[in-house]
Amino acid sequence: METPGDSLNETGPGPTASAQAESELVPVQTATSVRTGSGVYVSCQSNVSLDANGNLQSCILASNSSIRTGNGVYHTAQAGTFISLYTTGYWQQGTLTSNSSIRTGNGVYHTAQAGTAVTLYATGYWQQGTLASNSSIRTGNGVYHTAQAGTVLSLYDSGYWQQGTLTSNSSIRTGSGVYLTAQAGTQVSLDTSGYFDTGTLSSNSSIRTGRGIYVTCVSGQSTSLYAASGYLYTCVLASSHSIQTGTGTYLTCGAGYRLTLNSAGYYMSCN
């Protein structure tokens, strides 16, 4: 890049300090009023993205904005934060200005915390958000677990627990009918039937594999199951195990290593 002294072999001084400072200023985009899919206009300050119809898809808001959800309720999104909308113009994701009561797919309401992002389904029901208080959440098999205030809770469109942080040790049914205890203060994911998918065990636990053998998984580490069957997918081993591969040979996975199996219970990896 040429400098003022390079052009035409000029030997004069370079830019002054004030001129140099001025050249480094970042231009500020003027707030723009943008039409949404519902016909309402929203004031955006930057990062405007439009959908195929030319309506607002997402932007950084220039001011607090009241946004309609898919079930006709309005929530106020915070100025200076990201907002994304469905093609209908209804709330998909945004940051709340105040604690807000939001309906779930099963008709229950939970309060999402001010200043945090919340994602809603197209129906306007809770998909993901940060809880303002401890909340009892129904699972797909009718059991309730308590999710911790100040943590992110994800729900299925049915309104049932998908992923959240437990307030206490909780006994959770697996797809095979066995129960595992997930550790307080850790995240647990359940499938749509309410069965254990991924979580942190509160104690060492013997878990069945797809081949019908049992391995012992350590507490305090993430363990995942094939949720529908309840068979082990991956965990950190509490003791050494000899595991059959798909070709019929056996490989040993040592204590403290993470074993991963396929749905039939055969060795995939140990690391």
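In which loop does Asp51 lie? Asp51 lies in the loop between E2 and E3, where strands are DSSP runs of E with at least two residues, numbered from the N terminus.

This is a predicted model, in which local features need pLDDT of at least 70 and side-chain atom pairs count only at pLDDT 80 or more, while totals for chains, interfaces and linings use all residues. Residues are numbered from 1 along each chain as its sequence is written, and side-chain values use heavy atoms, with hydrogens and water left out.

The strand pairings, where two strands pair if DSSP finds at least two bridges between them, are set out below.

| Strands | Sense | Bridges | Residues between the strands | Turn glycine, positive phi |
|---|---|---|---|---|
| E2 and E3 (residues 56-61) | antiparallel | four | five | Gly54, about 85° |

Within these pairings, Ser33 has Ser43 in E2 as its bridge partner, and Cys44 stands opposite Leu61 in E3.

Strand E2 also holds Asn47, whose phi is near 55°, a positive value in a residue other than glycine. Asn47 counts as exposed because its relative accessibility is 57%, given that exposed means over 50% relative accessible area, buried under 20% and partly exposed in between (1.4 Å probe, protein chains only).

Asp51, by contrast, is buried yet has no salt bridge, a term for a side-chain nitrogen of Lys or Arg within 4 Å of a carboxyl oxygen of Asp or Glu. The nearest side chain of opposite charge to Asp51 is Arg35, 8.2 Å away, with Lys and Arg counted as positive, Asp and Glu as negative, and His and the chain ends not counted. Leaving aside residues up to four places away in sequence, Asp51 touches Gln57 and Thr87, contact meaning heavy atoms within 4.5 Å.
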